[in-house]
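Here are some friendly notes to go with the model you are about to open. Please keep the structure at hand while you read through the numbered points.

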Amino acid sequence: MPANPETNPSSALPAKQSDFSFRVGKRLSETCSPSPEQVAENGGAFLGRTGTISTPHGEIQTPAFIAVGTKATVKAVLPEAVADLGAQAVLANAYHLYLQPGADILDEAGGLGAFMNWQGPTFTDSGGFQVMSLGSGFKKVIDMKSVDHSGPDDAVAPGKERLAHVDEEGVWFKSHLNGDKHRFSPEISMNVQHQIGADIMFAFDELTTLQNSRGYQEESLERTRRWAERCITEHFRLTGERTGKPYQALFGVIQGAQYEDLRRKACRDLGAMNFDGFGIGGALEKENLGTIVRWCNEELPEDKPRHLLGISEPDDIFTAIENGADTFDCVSPTRVARNSAFYHPDGRFNLSGAKYKRDFGPLQEGCDCYACQNYSRAYIHHLFKSKEMLSATLISIHNERFVVKMVDDARLAIEDGSFFEFKAETLRRYYS
Ligand SMILES: [Zn+2]
């Protein structure tokens, strides 16, 4: 039972920042002694490390893959199964929960974990990405073809309406659910995320796109810096005011697109602020991922955790880990599962093919997940063909387990000095 603040005076105390911590474990550059060729190929020193994030709801051993539960549910998977498959934490989205059911409902329920029956650590992302991408729908609304940087900023595609408007105070946006107009600002995002009650929250930032001009990126980065300061002020005001709640850590979000000087400046500016950790966000092209993560982690304080927002492809995960990202999240494992795609050491396959009709083996031989231990490809193929919801559940369990275990194994490989061999063998098989 949660303690009643009226009868338990100690639970009415303000939350303490010291209830959140990060401890660096082993360093990849020391356990694996990379060759000069490997360092040169990486573009610089390897910054990978293991570590432990301690939150009021338990520890996260890093590197760790964080399961995405956007609307306070990992789609189609019971929270008990999410724990059983080894996921250490769940990341929900402030924008979605603010619109539905409303952050006050989660507050009344005792916070995100209690509301969704998840006992472990939780994250919320600030809503900035969704406000500016779903709200403005930039993939659909902003003309993605104008990537030659010659056109105007945010060229809106013909016949589309821009649904998010950024100003110094915050953002006006229209709900993707019903078109209602809403306001998000650093202060509103902090209030919403405090009500949602996740262990780790992200500062409200402006998402730019790769086709914004250099001038706009500079202007936006300064605005994100000012918003970061406002987030910290509001965060500590709420931490003092909302007594009897566990401490919620606040991560600053690093923007700066593909520009080295802007990324490094953002890291120095936000690194000097009283954040508990950092998120590396914004527009990233696959080929620049490792370079950008390394620029950021060369500047960010070593003793604070770094989260990379939104990656799950095996090659991207290894790139992120070796360049010093501690946690990452992605919707892919459950999203592709709903289209019957499953991860396998030999690549990603689609179970809808007729060849699986009489395949009575598991999704992956030797996998320890609940789906592989108990169900055949033939059965799950049948479920998918019959449009039975259980197919999404079983494939999601397997896919989440696949990515969680790959990252867990990468952590063990950093510890025992076999990271580069493990990476080479995993990627050779997966992409052959
Ligand atoms: Zn499995």
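1. Strand β5 (residues 90–93) and β6 run parallel and are joined by four bridges. Two strands count as paired if DSSP finds at least two bridges between them. Helices (H or I, at least four residues) and strands (E, at least two) are DSSP runs, numbered from the N terminus.

2. A word on provenance. This is a predicted model, in which local features need pLDDT of at least 70 and side-chain atom pairs count only at pLDDT 80 or more, while totals for chains, interfaces and linings use all residues. Residues are numbered from 1 along each chain as its sequence is written, and side-chain values use heavy atoms, with hydrogens and water left out.

3. Back to β6, which also has a parallel partner in strand β10 (residues 200–202), through two bridges. In that pairing F123 stands opposite I200. Within β6 (residues 122–125), T122 and T124 point one way, F123 and D125 point the other way, and all are buried. Buried means under 20% relative accessible area, exposed over 50%, and partly exposed in between (1.4 Å probe, protein chains only). In a regular strand, side chains alternate between the two faces of the sheet.

4. Another sheet deserves a look: three strands in the order β7-β8-β9, open and with antiparallel pairing. Its edge strands are β7 (164–166) and β9 (181–184), each pairing on one side only. On average, neighbouring strands of this sheet are turned by 15° against each other, direction ignored. Axes here are lines fitted to C-alpha atoms, for helices over the stretch in contact, and angles run from 0 to 180 degrees between N-to-C directions. Strand β8 (residues 171–174) runs antiparallel to β9, with four bridges between them. F173 has H182 in β9 as its bridge partner.

5. Now the metal site. Which residues coordinate the zinc ion? They are C367 (SG), C369 (SG), C372 (SG) and H398 (ND1), at 2.1 to 2.3 Å. Donors are N, O and S atoms within 2.8 Å of the metal (3.2 Å for Na, K and Ca), and sites may look incomplete because water is not among the atoms. The spacing of the donor residues in sequence is C-x1-C-x2-C-x25-H. Distant parts of the chain are linked by the pair C372, in helix α14 (residues 370–374), and H398, in helix α16 (residues 390–416), which are 26 residues apart.

6. On the geometry of that site, the arrangement is tetrahedral because the four donor atoms around the zinc ion subtend angles of 98 to 121°. Four donors count as tetrahedral if all angles lie between 85 and 135 degrees. For four tetrahedral donors the ideal angle is 109.5 degrees. Both ends of the pair above are buried: C372 has a relative accessible area of 10%, and H398 one of 0%.

7. Leaving aside residues up to four places away in sequence, D316 touches K286, L289 and I311. Contact means heavy atoms within 4.5 Å.

8. Finally, some backbone details to check. Most residues other than glycine have a negative phi, and most peptide bonds are trans. The peptide bond from T62 to P63 is cis, with omega near 0°, and P63 sits in the loop between β3 (58–62) and β4 (64–68). The bond from Q100 to P101 is cis as well, with omega near 10°. A76 has a positive phi, near 75°, and is partly exposed at 38% relative accessibility. S340 has a positive phi near 70°; S340 is buried, with a relative accessible area of 0%, in the loop between α13 (332–337) and β15 (341–344).

Technical notes: Tetrahedral: all angles 85-135°; square planar, octahedral: opposite > 155°, others 65-115°.
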